[in-house]
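Subject: Structure handover

Hello,

Here is the structure for you to look through. My notes follow below it.

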Amino acid sequence: MSEIRITIDTTQQREAIKQSAVRLDPRHLVKNPVLFVVEVGTVIALLLTVYPSLFDAGGSRVYYGLITVLLAATVLFANYAEAYAELEGEAHADSLRELQTETDAKRLRNTGVDVEAITDDDYETVDGGSLEQGDIVYVDEGDVIPRDGTVVEGSASVDESAITGESDPVIRQSGGDRTSVVGGTEVLSDRIKVEVTSEAGESFLDKMIGLVEDATRQKTPNEIAMTILLSGLTLVFVVAVGTMYFFGQYLASFVTGFSGLDVAELIALLIALMPTTIGALLAAIRVAGMTRVTRRNVIAKSGRAVEAAGDLDTLVLDKTGTITTGERVAQEFHALGDTTDEAVVRASYQSSLYDETTEGRSIIELAEKMNGEARADGGDAGDIGAAIDSPRWVETDLEGERLSEDDFVPFSAETRMSGIDLPDGTEVRKGAVDAVEAYATSVPGKLRQVSNRISESGGTPLAVAVDGEVIGIIELQDELKPGIADRIAEIQKMGVETIMATGDNARTAQWVADQVGIDRHYAEFDPEEKIELVEEVQSEGKLVGMTGDGTNDAPALAKADVGLAMNAGTNAAKEAGNMVDLDSNPSKIIEVVGIGKQLLMTRGALTTFSVANDVAKYFVLLPAILAAALPGLAGMDILNLSSPQSAVVATLVYNAVIIPLLIPLALRGVDYEAQSGSALLRKNLVVYGFGGLIAPFVFIKGIDLLFVAMGVFQ
Amino acid sequence: MANPHPLLEYAVFFGLAAVLIYVVGEYLAWIYRDEAHSTHTLPRHFEWLERLDGIFGRIEGFIYRVAGITPTREMNWKQFAAAVVLFNAVIWVWLYVVLFFQDGLPMNYVGVDGQSWDLAFHTASSFTSNTNQQHYGGESLSVFTHTFAIGITMFLTPATGLGLMPAFARAFNNEENPLLGNFYVNVVKGTVRFLLPISAFIAVLLISQGAVQTILSGQMTAETLTMGIQNIRVGPHAGIEAIKMFGTNGGGINAANASTAFENPTPFSNLVLTLAMPVGTFAGIYAWGAWVGKRTHGIVLVAAFFLIFAALAGVGIAGETGANPAMDVESNGLTVDQSVGNMESKEVRFGPTGSAIWGLSTTSTTNGGVNSMHNSWTSLGTFSLLFAFAINNVSNGVGTGLLNILMFVIVTAFIGALMIGRRPQYLGKKLEWQEIRYVFLVILWLPIIVLIPQAHAVTSSLGTEAIANPGFRGFSEILYEFFSASANNGSGLEGLADDTPYYNIVNGLQVLLARYVPIVAQLAIAGYLAEKKISPEGIGSLDTESPAFLVLLIGIVVIVGALTFLPALVFGPIGEFFSGADVFLNGGV
């Protein structure tokens, strides 16, 4: 899978820095209550810098000025985090938009003419932008498809790498589920008639860019709940610290030489306690999560869909395309009669040496793999690998006489067999069992028995014959996508149930399900039943994710909590799903689950970290702020900091600097591997909860030591 | 008389409490099994409870007929909340009328006066809200008031709290069904099956120890050793005391509350009464697990709050078994022997440990009863009491306690689910902003209604004129009073001359706001959740029965409590502790 590369260049860096200042506008900041309070605090601190005696107790201007600067830095860093993340999202949108180049279009005057017979007179060349919905255009080999549309006639191979990054061309043809073409992609061979399905500026790509931009700007549902939680915490601290000012006045009534608490220091305390870290990074976490999805070439139409992906209980998977490649490959060799295994492998290998079909390649691969395994075992006598000492053993075994492609007998519809004629005249053939049976002169009695058994297990038997004698059977089975069993095991570990629905017969379905460890499977499944399956699972209260590409998948895609439509599929499917995979790789839904979880997890981990930080901040700031009135409170200062001013400034430095320090983590997402909920909770509790208790102590003490070394605040 | 070793007392108390929480918890779970829509099954050794159904059922049926309750009429959250408010409003009016006019009512054996308008407002509000904060001495009420106003209220207000629990359980057991049950049925069942039999049992134990029980006389006259005549107030002590402790009430007949021998005669009665406080509240938390079909989860919740309770009790014992620095003086060559601990204003028969465990039991529940003068506690002991308030009285009140701790549990589930990459849900119900805003309203409510009035009181002569000790202790006196009102606790640090219009009105409003705003918000949460689908939980979900969940829950409770109230505590007990300036030399109470 290739990735769309997103780079933030220095201009964008500069833009992010500029944005951090522009976003100081209170009208913008009020949307983030946490940061808004920080800004208000900064303004009060600024006033105190100018008029130090605004609230009776006056401190030095330099000290107040420093507090002001650090508070302002907190807001600026927070704004930067948000702006940076949004620019990253926009950068992706721009990279998509660059694909939108205006091209000329060949609009058909006479739409009735056969696609293979179109001549220059049948169309007019117009500007791509002037096309209207419903126009029929002709796209010849080498032309760029001018606008999104549906193939109405013909079939062509199309290079969609511009949007998918996938270099292999795809087939687009009229009828069926592969009719839709995307503007900006190029026809490599053959020619098609395309009906334009979108207006200018409303193409699929335009819509996707719009969706990505909208989705990155809107808060997700969980983020709204999170904002309430953070606003609540902020309100608690406003009350807790605000009332301290009055408590200070009470203290002043009986402590001689103390006139009240320093307002600037109270503001410092308030802002240090407020969840500024997570408040600043919330937007970045969302944008980064969305961007991680788009980087995998999946367009999520909403942030809600990405969150829901993390929460899926059940995945409904197709068999073909998701779990299997749709090809059948050799799984096993069966010897018949008194033939040795070795002879069957050799004959199968020889017959497939120049067979370029997937089956043929898979026979070669299996034979070579068995050869390798046999040698690794040391090779028992009688074992198929015993006589084999190199991957190309057939050649050496044939006394140096090399087989050549000229000896290959290709598959023909007439014989339904392929094979090779060896230099000594030996005919080696393989093919469908009945075809080989018809060809052969000697058929062992067990042929039918073994081939039936293979068929019953969902496989396809191929008979192998040498010189008219059937000597064995090659068992073909569905080819599993590489690594699919591991990925299914992985999501099962996360507690996601997997259901496979396939139109295939029960035997094939059972075999595939057994191979990859699918929890439940449905065979002979009509795509129309998918909606019922989705609803049935949902009625158990579960969240369902599914993939689909056909028009008949559309209702189920719309009903599912996460519907990942394939870009190669029909427009109806793409409209219905809440995500579209540009690579049209259905097993990618498993990755999307991981990204959704990571998004939520990053949010939770940083919240825990942010709140745990407060414990240390209390231990540092309360004794510092009350130092004048309550010198005895120094007993609470377990860090033994050099001076109260140093404690306040060091805490604010930590508070501000931790934001940019955590931006990379917010953008990357917390480390995550598939494991059970309990194990994850334990791990994250230790890393972010316990880590959050310790980190500020270490940082603040470090900054304080730095101040001592610099000789300030002493 | 020698008290047992503190560790022994500590171990016996918490050991017995744990066993009783299990037994009473299973009993409570059985009582409301249907009202909670639970799939409750009785453990094997509790199956005999089924036989009680017939007897209780007949009594309840009779009450339903007399009171015109239709048990099958189910309420949605708004109707339920309206029923709670209406029911409590009636109690309030009855209390107010009796208190204001008690001089003209029967059974006024000793000729007490009616309460002033502001004191009656405070007292009626305080008892209606199950707070039992008293700005009067218990002796100033008539036997009629004690029996028919205070006594009955002491059953009906914890029953109100009990009645909320099954409704909240429905929030999680209902699948897309907004009906939360019938509030009145819950109140009747809670009173008939839970409060009456258990407090009758406690009352009998108290009478066996020598506690007074009469409604026919208001006082007894005794001749003292010095030949003086002393009139001692008596009344339905044993009965009131039993429900006072078990129903997280707290307002006693005597101003000296449970330190008097009439209410609490012996160390054994003290143990019984101390146990009665946490057993009632924690039983509700235990029962939660049975109602939602996850007894282990209930045990985890009990464990979390029980550990906090036990830890704070440990701090309290450490404070009170140590010496009081203010008593460390020499006068005329005499010193105070503090080898057993800080004995000022403590009963010898309870000792420092028995008093400390009681003190923390009273503030780890919303019980207002006291058996020692809290204002005489050391700064460390006072800190443990106030910190229990800061986390909303740990297990809070009967019924309401469960709902309040569930607010913290929901926050824990919210954060915990995110930490494992799931959208937040608790017991299969998705937690979204609609619920979270009310959860936070409830959690924020305590700091708002405590700290803002506190800021006013300490800077206004209206507030400061009432304090008995200057400085940090004076701050603690007001803070304790406001906490006590705002957490519906009712106990007092005392020392505060609080029968003033200012304190009567401020505290009166606090008790009402503290009780009814969270209840309505919690019923709203139940209403939202009840209408949601139940999502199944699997290995990818947050395991609410794991030790990690327990740790996160304790962490969130303590951090939220500490973060909110630590600044205020610095101006009270923490400042006192670190400044070494215990204030008793300045004429403490």
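A:Asp553 is buried, because 28 other C-beta atoms lie within 10 Å. Buried here stands for 20 or more other C-beta atoms within 10 Å of the residue's own, exposed for 12 or fewer, and partly exposed for anything in between, with C-beta atoms placed from the backbone. This is a predicted model: local features need pLDDT of at least 70, side-chain atom pairs count only at pLDDT 80 or more, and totals for chains, interfaces and linings use all residues. Residues are numbered from 1 along each chain as its sequence is written, while chains are lettered from A and ligands numbered from 1 in the order in which they are written.

A:Asp553 sits in the loop between β19 and α19 of chain A. Helices (H or I, at least four residues) and strands (E, at least two) are DSSP runs, numbered from the N terminus. Leaving out residues up to four places away in sequence, A:Asp553 touches A:Pro527, A:Lys530, A:Gly548 and A:Ala573. Contact requires that the C-beta atoms of two residues, placed from the backbone, lie within 7 Å.

An unreviewed UniProt entry gives A:Asp549 and A:Asp553 as "binding site". UniProt positions are in the numbering used here, feature names are shortened, and annotations may be inferred rather than shown by experiment. A:Asp549 is in the loop between β19 (544-548) and α19 (554-559) of chain A. A:Asp549 is buried, because 26 other C-beta atoms lie within 10 Å. With residues up to four places away in sequence not counted, its contacts include A:Asp177, A:Met566 and A:Ala573.

Another UniProt site

A further "binding site" listing in UniProt, from an unreviewed entry, includes A:Ser412 and A:Lys430. Which of these two is buried and which is exposed? A:Ser412 is exposed, because it has 10 other C-beta atoms within 10 Å, whereas A:Lys430 is buried, with 27. A:Ser412 lies in the loop between β12 (408-409) and β13 (417-421) of chain A, and A:Lys430 is in strand β14 (residues 427-432) of chain A.

The contact between the chains

The contact takes 60 residues from chain A and 53 residues from chain B. On the side of chain B that touches chain A, α17(B) gives the most, with 15 residues.

Regards
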